[in-house]
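Hi,

Here is the structure I promised to pass on. Have a look, and my notes follow below.

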Amino acid sequence: MTLDRIAPALFVLLWSTGWIVAKYASPYADPLTFLSLRFTLAAALFLIITLVSRAAWPSTRAGWLHAVFSGVFLHGIYLGGVWWAIDQGVPASVSGLIAALQPLLTALVAPFIVGERLTGPQRTGIILGFAGLCIAILPGLLALDTAMLQTALIPLLINVVAMASVALGTIYQKRYLQEGDLRAIATLQYVGGFLVVMPLALLMEPLEIIWNLEFVLAMGWSVFGLSLVSIMLLLYLIRRGQVSRAASLTYLVSPAIAVESWFLFGEVLTLPMILGTLIVVFGVWLTNRKTRMIA
């Protein structure tokens, strides 16, 4: 089996483990502290790759600023919000389901930003996506008492804000970063992410890390498996012209997270959760069937 055949599925499988690592690493470091170190290592790693490969840096000051600012959305607010929400008790499967709505939100706001018109199937897909999310999470929320409900709502809302951030970051990158070497851009994007999470970590967390094998494995996978290998696979897919294949498989990310969370952490897969996830996946597929919105 050649890399051409397995690269799209491998990219999606690796990407889905990001939510698993967030839950796995939570006992050993607070989320923003973990991400601050992860972004530092990822930026340093990509800097080395960029210098060794002699990749071109943005040719203008605006290009540098656009790359850093896109990282604020795509890494800082997005991953910071997701990891914080999971640390506060949002199940990884629910967080992954919320993140799956990103293409729907992108399609929803694109007409107001880039002038694209929504088709009938796209409108139906957006409605189905939000309906599926409600089916998946509302039964659990309604079962909570008032105090627990108020506590649960804030992390869920932060998770939704994180999802909106990556949607805005995707549109921003499409508008301002159409050119430039992706290795150099990735380096600057991790700098942008660091500029968000490090100040918040200083304000909100004690910056303590439990250095053990589990933490090292989680950090190693985050930096090499997610920040490096996943991005290099994406670069490979772009060069081979297979981005559409990867995009079509992203619909499987949410179910993959749900199954991985059930297998590794024992998160319960209720009937509403399963049904809601399937509806979301179908809604995302319907919305992106003709126009690929995923970066």
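Predicted model: local features only at pLDDT ≥ 70, side-chain atom pairs only at ≥ 80, totals over all residues.

How many salt bridges does the count come to? Two, where a salt bridge is a side-chain nitrogen of Lys or Arg within 4 Å of a carboxyl oxygen of Asp or Glu. One of them pairs glutamate 267 with lysine 23, with the closest N and O atoms 3.8 Å apart. Since glutamate 267 sits in the loop between α11 and α12 (271–287) and lysine 23 in helix α1, the pair ties together parts that are 244 residues apart in sequence.

Numbering runs from 1 along each chain as its sequence is written, and side-chain values use heavy atoms, leaving out hydrogens and water.

Next, a helix pair. Helix α4 (residues 92–99) and helix α11 (residues 253–265) pack at about 175°, their axes 8 Å apart. That makes α4 roughly antiparallel to α11 (angles over 145 degrees count as such). In α4, Ala92, Ser93, Gly96 and Leu97 meet Ser254, Ile257, Ala258 and Ser261 of α11, contact meaning heavy atoms within 4.5 Å. By class, the contact has four nonpolar, four polar and no charged residues.

Ala22, Ala25, Ser26, Ala29, Asp30, Pro31, Trp83 and Asp87 line it.

Cheers

Technical notes
1 Å grid on protein atoms, 1.4 Å probe; cavity = no way out; pocket = protein on both sides within 12 Å on 5 of 7 lines; lining within 4 Å. Axes fitted to C-alpha atoms, helices over the stretch in contact; angles between N-to-C directions. Helix = DSSP H or I, 4+ residues; strand = E, 2+ residues; numbered from the N terminus. Parallel < 35°, antiparallel > 145°, perpendicular 65-115°, else oblique. Nonpolar A, V, L, I, M, F, W, Y, C, P; charged D, E, K, R; others polar.
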